[in-house]
Amino acid sequence: MKLITVTTNEAGQRFDKLLAKYLNEAPKSFIYKMLRKKNITLNGKKASGSELLAAGDEVRLFLADETLDKFHTSSYQRAKTDLDIVYEDEHIILINKPAGMLSQKAKPGDVSLVEYLITYLVESGAVTKEQLASFHPAVCNRLDRNTSGLVIAGKSLAGLQEMSRLLQDRTMHKYYRCIVSGTMHGTCHLKGYLCKDHARNQVTVSKAPSHDAQPIETEYTVIGHGKDVTLMEVLLITGRSHQIRAHLASIGHPIIGDTKYGNSKWNEAYRQSCGVKHQLLHAYRLEMPELSGALSCLSGKAFYAPVPAVFDKVMQITCK
């Protein structure tokens with residue numbers, strides 16, 4: 001007999017949804033058959049599967065070990081690396097992702113920040129392998145592989161839901177640092193329309209609306225200059241795929257090191273002179289709005305991830 005006690009992360013969902021996650025290799029017909037035969041019970045009683053679960057509910061599976069092994073496959077894949085953790089509590093974790101690391105898998109064989117995060121949480125005791133069967137911590141915002149900086153991950157259902165809400169309603173402000181080619185001045189609020197070519201994983205930005213194009217807004221403030229380069233802080237107002245990179249490139253100031261939207265000759269020059277291997281775009285700061293409830297401790301706080309050393313190197317060399 002297997003006993004599962006429902007946690008706050010699993011509460012609120014239908015009973016059959018929980019069973020489908022735990023017995024992830026079992027056909028639905030098997031699950032409902034076991035419910036009818038009372039081989040699976042909820043709080044010691046026969047259940048239909050449509051019940052909404054509450055924290056503390058007890059699920060008992062009167063199944064042979066061989067059957068459990070057959071129908072329950074763990075999603076845990078150990079992937080060990082040292083994470084640069086900026087902040088952590090019981091609900092969320094903020095990680096300074098290095099350039100070159102995927103935020104999430106692009107294909108089944110990939111190892112991404114999610115796998116490293118799960119390994120860290122299991123080995124630190126924050127989550128058990130068994131709990132992963134019915135609740136999976138995940139990242140809330142994604143950065144391109146070659147963009148570094150702050151990634152938000154939810155450790156609890158409350159953390160995932162609240163951070164996702166803040167990202168969706170744009171009340172949490174995300175600031176980036178980048179170095180672009182050319183000389184720019186002041187502050188500017190850019191507006192445009194972005195259209196994505198999914199086959200090429202590339203976007204185009206235009207000033208006029210068109211079919212399938214999404215409106216975008218990007219604000220930048222110049223904070224430093226070198227010879228033919230500008231260091232700026234960017235406020236991401238809308239969060240579209242490749243938005244900052246494509247929007248700045250569309251006004252003639254691509255990000256240094258950007259192989260998709262940048263200038264190959266400039267990129268090669270900075271690779272040789274400064275060791276630039278990735279686009280110089282970094283998710284630098286997160287500013288939380290006023291919050292209440294489970295995440296009230298984050299209310300009004302700001303979090304920072306220091307820019308990679310190559311930023312300073314580029315600015316120092318170009319200022320000579």
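# Reading charge, burial and backbone in a predicted model

A search of the whole structure finds 16 salt bridges, each being a side-chain nitrogen of Lys or Arg within 4 Å of a carboxyl oxygen of Asp or Glu.

Q: What share of the contacts joins residues at least 24 apart?
A: Contact means heavy atoms within 4.5 Å. Among contacts between residues at least 6 apart in sequence, 67% join residues at least 24 apart.

Q: What percentage of the residues in the protein is buried?
A: Buried means under 20% relative accessible area, exposed means over 50%, and partly exposed lies in between (1.4 Å probe, protein chains only). Of the 320 residues, 46% are buried. Accessible areas come from the Shrake-Rupley method with a 1.4 Å probe, and for residues only the protein chains shown count as cover. The accessible surface of the protein comes to about 16100 Å², of which 49% belongs to carbon and sulfur atoms.

Q: Which parts does the salt bridge between Lys2 and Glu130 tie together?
A: The two side chains, of Lys2 and Glu130, meet at 2.3 Å, N to O. Lys2 lies in strand β1 and Glu130 in the loop between α4 and β6 (138–139), so this pair ties together parts that are 128 residues apart in sequence. Both ends are partly exposed: Lys2 has a relative accessible area of 23%, and Glu130 one of 40%.

Q: In the salt bridge of Asp110 and Lys107, is Asp110 buried or exposed?
A: Asp110 is buried, at 9% relative accessibility, whereas Lys107 is exposed, at 51%. Their side chains meet at 3.2 Å, N to O.

Q: Which residues are linked with Arg285 and Glu287 in a network of salt bridges?
A: Arg177 and Glu233 are linked with Arg285 and Glu287 in that network. Within it, the closest N and O atoms of Glu287 and Arg285 are 3.0 Å apart. Arg285 counts as buried at 11% relative accessibility, and Glu287 as partly exposed at 25%.

Q: What does Lys105 touch, not counting residues up to four places away in sequence?
A: Lys105 touches Gln77, Asp110, Ser112 and Glu115. Lys105 and Glu115 are 10 residues apart in sequence and 8.8 Å apart in space, C-alpha to C-alpha. Lys105 lies in the loop between β5 (92–97) and α4 (113–124), and is partly exposed at 37% relative accessibility.

Q: Which residues form the positive surface patch?
A: Patches are made of residues with over 30% relative accessible area and no salt bridge; like charges are joined within 9 Å, and nonpolar side chains (Val, Leu, Ile, Met, Phe, Trp, Tyr) within 5 Å. Lys and Arg count as positive and Asp and Glu as negative, with His and the chain ends not counted. A charge is placed at NZ of Lys, CZ of Arg, CG of Asp or CD of Glu. Here the positive patch is formed by Lys33, Arg36, Lys37, Lys38 and Lys46. Arg36 lies in helix α2 (residues 28–36) and is exposed, with a relative accessible area of 55%. Over the protein, the mean positions of the 41 positive and 32 negative charges are 5 Å apart.

Q: Which residues make the nonpolar surface patch?
A: Met1, Leu3 and Phe62 make this patch of about 300 Å². Met1 is in the segment before β1 (2–5), and counts as exposed at 58% relative accessibility.

Q: Where is Lys38 found, and what is its phi near?
A: Lys38 is in the loop between α2 and β2 (40–42). Its phi is near 60°, a positive value in a residue other than glycine. Lys38 is partly exposed, with a relative accessible area of 43%.

Q: Is His242 buried or exposed?
A: His242 is buried, with a relative accessible area of 8%. His242 has a positive phi of about 60° although it is not a glycine, and is found in the loop between β12 (229–236) and α6 (243–250).

Definitions and conventions
Residues are numbered from 1 along each chain as its sequence is written. This is a predicted model: local features need pLDDT of at least 70, side-chain atom pairs count only at pLDDT 80 or more; totals for chains, interfaces and linings use all residues. Side-chain values use heavy atoms; hydrogens and water are left out. Helices (H or I, at least four residues) and strands (E, at least two) are DSSP runs, numbered from the N terminus.
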